[in-house]
Amino acid sequence: MLKEIIREALIEGHKVLEDCISRGLTGVEKRGSFGDHSHQFDVIVEKAIIDSLRKASEKIYIISEEIGEVKCESPELYALVDPVDGSNNVAHGLPFNASAIALARGPNASDVVAAGVIDHSTGKIYLGDSEGVFIDREKPKLKTGVSLSDALVFLDLASLKKDRENSHNPTELSIRLARKARHVRFFAAASLEIAYILEGRGDAFVCFSRDLKLMDFLASAILLRWAGGDYKILGESENPSLLDRRKYGIIAASSRKLLDEIIALID
């Protein structure tokens with residue numbers, strides 16, 4: 001049931017985004033609750049997704065990028081929503097963007113029980129829970145035997161803007177990773193880049209610096225773990241509150257072995 005709630009909300013958001021693009025509603029409207037610029041389509045898609053979620057359940061506490069929190073008393077569900085991941089891609093006419101939703105029974109990342117991501121360029125939906133993950137009803141195709149020297153890694157280039165963060169240097173680590181990986185790519189939509197790992201279209205996603213909000217990556221990272229891959233959150237906590245407004249780094253990989261190989265670059 002929870003997966004269908006997510007599916008319906010993602011499809012509704014997809015329809016609304018296509019309509020916004022067709023009408024040229026791509027301008028910046030304001031600053032969102034988390035501090036980033038909100039485009040017209042961000043606000044409109046967010047409303048469509050929230051309306052769909054609240055139609056399915058009135059006892060849902062929503063945390064979303066533009067509006068912030070939509071509270072309710074005695075919530076039965078928490079929803080972490082990224083209405084449009086890759087907003088700048090949309091604004092520039094680049095076809096790489098997504099929406100992501102994670103539903104939880106409690107207020108922490110470990111409480112997530114269902115998650116979904118939609119690729120707006122294709123309409124493809126990545127959806128699952130602890131009992132199984134599907135890509136448009138097909139099973140994931142992770143490349144679990146890949147080492148870093150053979151891997152295609154999605155590397156968030158925001159890390160190149162920071163020379164020092166706590167005990168490590170994100171710029172130095174990014175360069176080291178780029179030299180060790182066989183292929184490196186960056187498309188500026190973390191949720192979709194991580195979802196691509198589920199299909200074997202990439203092997204890892206890495207952001208060494210704390211530049212990502214939880215809604216940017218959590219839904220797809222949890223899908224990846226349920227499918228047999230794994231991830232490590234870099235920041236204040238590896239089990240953050242869904243209401244946490246701090247930013248994080250993330251390493252997500254198609255296998256624990258590859259994840260450990262990338263983590264070893266930090267040590």
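C72 is buried (under 20% relative accessible area, with exposed over 50% and partly exposed in between, for a 1.4 Å probe and protein chains only), as its relative accessible area is 16%. C20 is also buried, at 0%. The whole structure holds zero disulfides, a disulfide being a pair of cysteine sulfur atoms within 2.5 Å.

The model is predicted, so local features need pLDDT of at least 70 and side-chain atom pairs pLDDT 80 or more, while totals for chains, interfaces and linings use all residues. Residues are numbered from 1 along each chain as its sequence is written, and side-chain values use heavy atoms, without hydrogens and water.

**Largest pocket**
- The largest pocket has a volume of about 720 Å³.
- Lining it are 27 residues, of which D36, N88, A188, K213 and D216 are the closest to its centre.
- Two or more lining residues come from each of β2 (37-39), β5 (77-85), α3 (87-91), α5 (190-198) and β12 (204-212).
- Helices (H or I, at least four residues) and strands (E, at least two) are DSSP runs, numbered from the N terminus.
- On a 1 Å grid over the protein atoms alone, a pocket is an open set of points where a 1.4 Å probe fits, with protein on both sides within 12 Å along at least five of seven lines; lining residues have an atom within 4 Å of a point.
- Grid points are joined across faces, edges and corners, and the volume is the space filled by probe spheres set on them.

**Helix α5**
- Nine of the nine residues of α5 are buried, among them E193 and Y196.
- G200 follows α5 and has a positive phi, near 75 degrees.

**Nonpolar surface patch**
- L157, L160, I175 and F186 make a nonpolar surface patch of about 310 Å².
- I175 lies in helix α4 (residues 170-180) and counts as partly exposed because its relative accessibility is 37%.
- Patch residues have over 30% relative accessible area and no salt bridge, and nonpolar side chains (Val, Leu, Ile, Met, Phe, Trp, Tyr) are joined within 5 Å.
- A salt bridge is a side-chain nitrogen of Lys or Arg within 4 Å of a carboxyl oxygen of Asp or Glu.
- Accessible areas come from the Shrake-Rupley method with a 1.4 Å probe.

**Buried strand residues**
- A115, in strand β7 (residues 112-119), is buried at 0% relative accessibility.
- Between A115 and A100, 15 residues apart in sequence, the C-alpha to C-alpha distance is 7.6 Å.
- I250, in strand β14 (residues 248-253), is buried, with a relative accessible area of 0%.
- I250 and S121 are 129 residues apart along the chain, and 24 Å separates their C-alpha atoms.

Technical notes
Patches are made of residues with over 30% relative accessible area and no salt bridge: like charges are joined within 9 Å, nonpolar side chains (Val, Leu, Ile, Met, Phe, Trp, Tyr) within 5 Å.
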